[in-house]
Amino acid sequence: MAMEMRQQLKMTQQLVMTPQLQQAIKLLQLTRIELQDVVSQELEENPLLEEVLDPDEARDGDQQLEADEAEQRDDQEPQPESYDEVEAGEETLRDWDSYLDGYNYSAGEQYNDDDDRPSFEALLTRKGTLGDHLRWQLHMGHFSDTEIRFGEEIIGNLDDDGYFRASLPELAASCGLPEDTAEAILGRIQEFDPPGIAARNLQECLLVQARALGMGGSLVEAILEHHLKDLETRNYRPIARALRCDVEHVVTAAKLIAGLDPRPGSVYTSEDTHYISPDIFVHKVADDYVVMLNEDGLPSLRLSPHYLEAKAGGGLDAKADEYVSDKMRAAQWLIKSIQQRQRTIFRVAKSIVKFQREFLERGVEGLRPLVLRDVAEDIGMHESTISRVTTNKYMQTPQGLYELKYFFNSSLSTSDGDSVSSESVKSRIKDIIDKEDARKPLSDQKIAEMLSDETVNIARRTVTKYREMLKIGSSSERRRHF
């Protein structure tokens, strides 16, 4: 069949998301910090948008302005110095000295809330990194310039846990060094503080630490070199038979090995602590739970009265009027989108509180099965909207701080025809394992049987899946001999 090109007219309908709708959806799934950044950027770029100042703040600003004007008048009309003024000046100096003394941040000292002093975090210096600590030791040691350059290459290839993850032969070849020389430099760096740094695997890391503690040639070194797998599974009897010693000696050596650090570089991690600010507060008032939005840190926005008056007065030319109109529409849509975002979060939070009232009363045990569809049908919204709202949003409850997505979980049936949430089952599994005898840990099958006795129908493989999600080892890994 011959191929040919033809023009054809066709009418179709399709949904197109406007830029304004895209912005509204984007704002809906932003975190509080991200929303503050977006608002700050819009305040800088859009002259029609301005922040509404707090009335108390504005009043304080007026009082400060009046004080500054009075001070300027006093400066222009100098008065003769009197004894009272000299005494007041000395009193001011004493107050200044006491204010400086207030910067002592010793432990246990209390300060007034109205003291305008810099925060403690503002006085802290930058935390030293693992690389800085190792490079300092490298340059303080007896190394040649070539060895220092290669040592810096090694330090640059360490991960956050302090392990050397690159290929030593390839790194040596790229630097033009013999492999035995590179191995010797690596060995000297492994003697740096913290012990076990720059190891290529866990075994080498533990061996370096054991030798640094004077355990070279001991039972500890023999176990680490030849029986690490049995040690991981706490299978001590084969180790004792292979090394021709008592099991008690192997258990003692295992205790010493357990005291070594498998992640020597983690103490120098450069990760900053990120604090979570809740989007919703839930307070118990009498027998009811009240949902409140956290408006702290979110600026109140409005259209600039100055530009609105200029536009209404008709004093702008055509180009300026078009510019102001565009910015006004953008500002109006941003304000409307933020208000809609807050209303949606509030409605979703109220619906969650209604469904999860037992959780607020009893904790994880009272958490009921819940899916996005339940909340969507309850408040008349689409499931995708609920998914966006609950992403990276947090609720402060009487039971603690939880992400909104935490309240959505699958269900497991019970023998009495009811259902329980998967999170409550996970919590129960953790409780059972926490109370078990460490010398005889429970198997997954035994845990499944215990839950079945509590009317929870659960298979062994489901117990295994939940245990792994909780990052709890198997029964052989949990076994303790001491």
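Colleague: Which residues have the most contacts inside the largest nonpolar core?
Modeller: A nonpolar core is a set of buried Ala, Val, Leu, Ile, Met, Phe, Trp, Tyr and Cys residues joined through side-chain atoms within 4.5 Å, where buried means under 20% relative accessible area, exposed over 50% and partly exposed in between (1.4 Å probe, protein chains only). The largest such core has 26 residues, and those with the most contacts inside it are Ile280, Val282, Ile352, Val375, Ile386 and Met395.

Colleague: Which helix gives the most to this core?
Modeller: Helices (H or I, at least four residues) and strands (E, at least two) are DSSP runs, numbered from the N terminus. Elements that each supply at least two residues of the core include strand E2 (280–285) and helix H15 (318–355). With 6 residues, the one that gives the most is H15.

Colleague: What kind of model is this?
Modeller: Residues are numbered from 1 along each chain as its sequence is written, and side-chain values use heavy atoms, without hydrogens and water. Local features need pLDDT of at least 70, side-chain atom pairs count only at pLDDT 80 or more, and totals for chains, interfaces and linings use all residues, since this is a predicted model.

Colleague: Is Lys471 buried or exposed?
Modeller: Lys471 lies in the loop between H21 and helix H22 (475–478), and its phi is positive, about 60 degrees, although Lys471 is not a glycine. Its relative accessible area is 77%, which means that Lys471 is exposed.

Colleague: Which peptide bond is cis, with omega near 0 degrees?
Modeller: Most peptide bonds are trans. In the loop between helix H8 (179–189) and helix H9 (202–212) is Pro194, and the cis bond is the one from Asp193 to Pro194.
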